[in-house]
Each structure stands twice: as structure tokens, then as C-alpha cells.
Amino acid sequence: MRPLARVCVGLICLSGLAGCGADGAGDVDTSPAPTLGAQTRVGSSQIEAGRQAYNTYCVGCHGENGDGKGEAAVFLHPKPRDFQRANFKFSSTRAGSLPTHDDLRRTITEGLKGTAMPGWEFLRPATVDALIQYIKTFSPRWTRKPGAPIPFVIDPYGDLPDKSTAIHRGEVVYHGYANCWTCHPSYVSEARINEHLEAMENSRRTEFRPGLFESAGMPNSEGETVFPTDFKRDFVRAGTDVEDLYRSIAAGITGTAMPSWIDSMEFLSAKPSGGPLVRQADVWAMAYYVQNLIRQRPAKFTGGSPKIRNRVQRIFLHGEPPSDSTRSPEGGTATLEEEFEDD
Ligand code: HEC
Ligand code: HEC
């Protein structure tokens with residue numbers, strides 16, 4: 001296989017390269033200056049190490065100029081990230097702001113499940129650091145600082161062995177307060193959404209969007225149609241640990257409709273008895289709820305492209321969510337174990 005051969009060749013070059021970096025402190029630096037973007041603070045030998053690793057491992061998808069148009073890109077959905085635009089989706093910073101170094105390190109080493117982006121855990125940490133500095137040279141946005149990380153408030157359910165209180169609270173907040181089902185599927189009946197809306201002091205609804213039990217396709221900032229995750233069917237890209245889900249929900253996803261939730265979670269009840277209606281800690285409840293949905297996913301399912309999957313699923317459902325057997329026809333190859341293998 002060609003890509004494998006390329007990676008192996010890369011490994012050999014790279015071990016040589018890492019050696020040079022460590023020993024050759026006094027060497028004359030002949031590396032070419034980066035031609036695009038920002039990043040003037042870091043040593044050019046680090047940028048050069050990053051450039052070499054990038055051209056070995058990443059160029060085939062992300063493209064020589066970092067524009068996301070590598071040779072393989074035409075076959076991929078979602079498309080490889082365009083580093084010139086620098087809209088990084090998965091971060092601990094609010095949607096719209098740049099990710100931190102640790103965010104990029106996490107994405108690069110762990111990869112994005114269900115997309116072509118592999119996990120590069122075999123690369124040395126110094127190589128990953130160099131790659132991060134190099135991809136920053138593609139965009140002048142990196143003259144700005146990354147956003148501040150969202151607060152990780154204390155998880156009120158962390159010490160409870162039984163997470164059912166969290167999961168139930170998450171279901172109420174997901175359907176009755178945050179209305180996540182306007183984009184993601186609803187996982188409860190219309191009647192139950194109305195109960196949750198009332199519990200959250202919202203009005204009942206008589207009408208719901210068509211296709212309530214599947215996700216609503218919508219354009220991202222690059223004009224591609226993306227489907228908000230159906231947690232019972234799709235791979236969740238940036239991790240399925242409850243901390244990962246907290247981060248994705250609290251921070252949101254840059255360049256997509258998925259907003260940052262952490263700043264909309266402190267509300268007092270309008271009732272005379274008062275008390276908080278929702279708190280930031282409810283993001284944890286939603287994270288446990290979403291994780292529980294992911295865990296219900298049958299071991300085998302027909303992965304396929306979400307675009308095709310959604311067209312097939314667009315049957316006229318009304319009132320009740322489909323049974324799990326309708327959601328997940330037999331025959332796929334991806335298994336739940338694969339997604340949870342790192343847990
Ligand atoms: C086989 C194709 C492929 C290769 C090789 C590849 N990537 Fe990716 N990468 C992708 C795709 C596809 C996405 C977009 C996934 C998405 O939008 O969910 C992506 C996204 C990313 C992101 C953006 C994450 C975010 O939060 O938006 C970074 C950073 C990244 N890749 C870095 C790298 C680096 C560094 C390498 C080389 C070590 C690399 N990629 C190699 C396909 C690839
Ligand atoms: C306005 C539409 C919209 C709303 C409302 C919304 N989301 Fe999303 N969400 C998206 C989109 C679009 C994506 C997928 C982005 C992509 O992968 O390109 C997404 C992705 C996600 C992911 C997956 C991250 C990953 O790693 O793959 C999680 C988890 C998530 N949303 C949770 C929620 C929760 C919980 C709520 C309610 C509190 C919510 N979303 C509300 C649009 C929305």
C-alpha cells in the first residue's frame with residue numbers, strides 16, 4: 001500500500017531528523033523561511049522539522065500550502081482542514097476562537113474518529129510540537145492569541161457510581177432547555193419533549209421540525225453540508241470520554257452551527273420559589289446523557305457517509321423516535337469497541 005510505504009519511509013527520515021535536532025545545536029541553520037502566515041517567535045529549526053514531518057505525513061490530505069487540497073482530499077468527506085483559513089473545530093476555547101497548543105496536540109495524536117484524520121500517537125512529542133508550529137505558518141490569524149479555555153466547573157456527578165441522575169437531568173436539559181434537537185435528533189417522543197419544555201419553564205409546542213428524529217443537514221463555514229451528530233449512529237470525533245463531551249458541548253465547534261453553551265447555562269427560575277433553573281454544571285449532565293446515547297449504539301451499524309445515510313433515513317417519522325433496529329441496519333464494519341478502544 002502506497003500510503004503505508006510513505007509513512008514507513010517517513011518514520012526512517014524522521015528518526016534521523018529528530019537525532020539531528022537533538023545533537024546539532026551549533027549547526028548553521030539553512031532552513032528556508034516559511035513563506036506564508038505568521039509565527040515569527042519560534043526557532044526556524046523547529047519550523048523546518050515541522051515542515052519535513054508535515055511533508056511526510058500530512059501533505060497528502062492537507063496540501064502543500066496547507067489549503068486542505070492534498071491529493072486525497074477529493075475523495076474525503078469531511079474535507080481535510082484548510083490551515084490557511086484556520087477554522088479549527090475541536091478546542092477547549094469558545095467556538096470562533098483559535099485552539100490552544102494542547103488542543104492541537106490532542107487532535108493530532110488522537111485523530112478524529114469517523115473521519116480520514118488518523119491519530120498520530122507514534123510521533124515523538126517534539127515532532128508533534130514542531131508540526132503544530134509549522135501549521136501555524138499557514139495563516140496570519142496566528143498572530144493573535146488563542147482564546148481563553150472554557151471553565152471546567154466541578155462535575156457534581158463525578159463521585160457518584162450510578163450516573164442515572166445525571167443522565168436523566170441531561171435528557172431534560174437537552175430536550176427542554178438547550179433544544180439540541182433543533183439540529184441533532186430528538187431521542188424522545190414529541191409528547192416527552194413537551195414535558196421537558198414545561199419542566200424548563202418553556203411553552204409547549206404543537207409543531208416540530210420535519211425529520212425530528214434525525215439530524216438536520218446544514219452548511220458549515222466552508223459551504224460543505226454537515227450533519228450534526230446522531231449520537232446513536234455516528235462517530236463522535238473529538239472523543240467519547242465525559243470530559244471530551246463536556247469540552248465539545250461547553251466550547252462548541254468553530255465554523256459550524258454548533259454554538260458554545262457554557263455562557264448560556266446560568267438561569268434562575270421565574271417562579272416565586274426561585275432557585276436556579278440551569279447551571280453550568282448541567283453541561284456535565286448533558287455530557288453523561290450524550291455518552292449514554294453513544295453507548296446504546298448497536299455494535300454493528302452501517303457507517304457510510306452521513307449524506308447518503310440521511311437521505312435513506314428520510315422517511316416520514318412523526319410523534320415517536322424510530323426503534324433502534326430501524327436506526328441501525330445490520331452489516332457495517334465499524335464497531336462500538338473501536339470507538340471506545342482508548343477508554
Ligand atoms: C488521510 C487524510 C489525512 C491525513 C494524512 C492527515 N489529516 Fe488532518 N485532517 C483530515 C481531515 C479529513 C480533517 C477534518 C476532520 C473534520 O472536519 O472533522 C483533518 C483535520 C485536522 C486538524 C483540525 C482539527 C480541528 O480541530 O479542526 C488538524 C490540526 C490536523 N488535521 C492536523 C494534521 C496533521 C498535523 C497531520 C499530519 C501529521 C494530518 N492532519 C494528517 C485528514 C487527514
Ligand atoms: C444550531 C445547530 C446545533 C445545535 C443547537 C447543537 N448542535 Fe451540536 N453540533 C452541531 C453540528 C453542525 C455539529 C457537527 C459539526 C461537524 O462535525 O462538522 C455538532 C456536533 C456536536 C457534538 C460532536 C462533537 C464531536 O466530537 O464530533 C456534540 C457532542 C454535540 N454537538 C452536542 C450538542 C448538544 C449537547 C447540544 C445542545 C446543548 C447541541 N450539540 C446543540 C450543531 C448543533
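A residue counts as near a molecule or strand if its C-beta atom, placed from the backbone, lies within 6 Å of it. By that cut-off, ligand 2 has 24 residues around it, and A178, C180, C183, A238 and M258 come nearest. This is a predicted model, in which local features need pLDDT of at least 70 and side-chain atom pairs count only at pLDDT 80 or more, while totals for chains, interfaces and linings use all residues. Residues are numbered from 1 along each chain as its sequence is written, with chains lettered from A and ligands numbered from 1 in the order in which they are written.

The shell around ligand 2 divides into 17 nonpolar, six polar and one charged residue. Here Ala, Val, Leu, Ile, Met, Phe, Trp, Tyr, Cys and Pro count as nonpolar, Asp, Glu, Lys and Arg as charged, and the others, Gly among them, as polar. Helices α8 and α9 each supply at least two residues of this shell, and α8 gives the most, with three. Helices (H or I, at least four residues) and strands (E, at least two) are DSSP runs, numbered from the N terminus.

Ligand 1 also has 24 residues around it, of which C58, C61, K89, F90 and M117 come nearest. The elements giving two or more residues to the shell around ligand 1 are α3 (59-62), α4 and α5. Its residues divide into 17 nonpolar, four polar and three charged.

The protein chain as a whole has 12 helices and four strands. Of its 343 residues, 37% are buried, where buried means that 20 or more other C-beta atoms lie within 10 Å of the residue's own, exposed means 12 or fewer, and partly exposed is in between, with C-beta atoms placed from the backbone. Two residues are in contact if their C-beta atoms, placed from the backbone, lie within 7 Å. Among contacts between residues at least 6 apart in sequence, 67% join residues at least 24 apart.

The next topic is the nonpolar core, a set of buried Ala, Val, Leu, Ile, Met, Phe, Trp, Tyr and Cys residues joined through C-beta atoms within 7 Å. The largest one has 60 residues, and V283, M286 and A287 have the most contacts inside it. At least two of its residues come from each of α2 (44-57), α4 (101-110), α5 (125-136), α6 (164-177), α8 (242-251) and α9 (282-295). Helix α9 gives the most, with 10 residues. At least three residues are drawn from each of domain 1 (44-143) and domain 2 (164-295), the bounds coming from an automatic or database domain assignment.

Helix α9 is mostly covered, with 12 of its 14 residues buried. The cover over these buried residues includes α6, α8 and β4 (276-278). The expected span of a helix is 1.5 Å times one less than its number of residues; for α9 this gives 20 Å, and its end C-alpha atoms are 20 Å apart, which agrees.

V283 touches Y246, I249, A250, W261, I262 and M265, not counting residues up to four places away in sequence. R247, in helix α8, is 36 residues from V283 in sequence and 9.0 Å from it in space, C-alpha to C-alpha. R247 counts as buried because it has 25 C-beta neighbours inside 10 Å.

Q291 lies in α9 and is buried, with 21 other C-beta atoms within 10 Å. With the same exclusion of residues up to four places away, Q291 touches T240, V242 and L245.
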